[in-house]
Amino acid sequence: MQGIILNHYPPVIRNIKEMQQIAKAEDIEFSKLGAAMGRVSRDMFILTAGEQGIGRFEKLLGIVPGGQQSLEDRRIYIISMMNRREMSLAELKAMLSAYSEGITLKIGGDNDELIISVRDGERHIPAMLGILEEMIPLHVHIRFNIRKEPWRLDGTVKMDGSRLLGAEFKEWIG
């Protein structure tokens, strides 16, 4: 690193020991400055922000993060809060698809029930429910149906501990 700043000095000064030590100190500081500028640049955008940037967005929006939320859950919640407006079912489905694949939405009852069927992503249901409760009117009941594929020993389904034997159907009502 020392050679970076030292190369910008005039040739007469490069050979002085004190100037070499000064250049070494400047290289360290410029490296720190470059890292800080990169971090600030990433923290300007929600999709690339780190812990500090996400915290700044939460402060701007008045969001108090839960202790159990991951950085990615907090990021998705910030995006949903910034997109708060009336939206179609297709837009809502696209937003929730970040949490789970194979989401289907259906209006039930007399337009007072939203049934959300998910194929996976059961652990994200509390985060999805938090987003939906901010957007959906109070009189609308939200119900999650979870569809799980069965385990197969022929290798067609990844056995990662998230699947149930016998394709058990679970319903989660929030």
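Arginine 74 counts as buried because its relative accessibility is 9%, where buried denotes under 20% relative accessible area, exposed over 50%, and partly exposed in between (1.4 Å probe, protein chains only). The model is predicted, so that local features need pLDDT of at least 70 and side-chain atom pairs count only at pLDDT 80 or more, whereas totals for chains, interfaces and linings use all residues. Residues are numbered from 1 along each chain as its sequence is written, and side-chain values use heavy atoms, with hydrogens and water left out.

Arginine 74 belongs to helix α5 (residues 71-82); helices (H or I, at least four residues) and strands (E, at least two) are DSSP runs numbered from the N terminus. Beyond its neighbours within four places in sequence, arginine 74 contacts Glu51, Ile54, Gly55, Glu58, Pro65 and Gln69, a contact being heavy atoms within 4.5 Å.

Helix α5 is also a packing partner of the buried residues of α6, together with β1 (104-108), β2 (113-118) and α7 (125-135). In α6 (residues 89-96), Leu92, Met95 and Leu96 are buried. These residues lie on the same side of α6 because they cover an arc of only 95 degrees around the axis, the arc being that of the directions from the helix axis to the C-beta atoms. Exposed residues Ala90 and Ala94 are carried by the face of α6 turned away from the buried side.

Overall, the protein contains 7 helices and 4 strands, in the order α-α-α-α-α-α-β-β-α-β-β from the N terminus. Of its 174 residues, 30% are buried.
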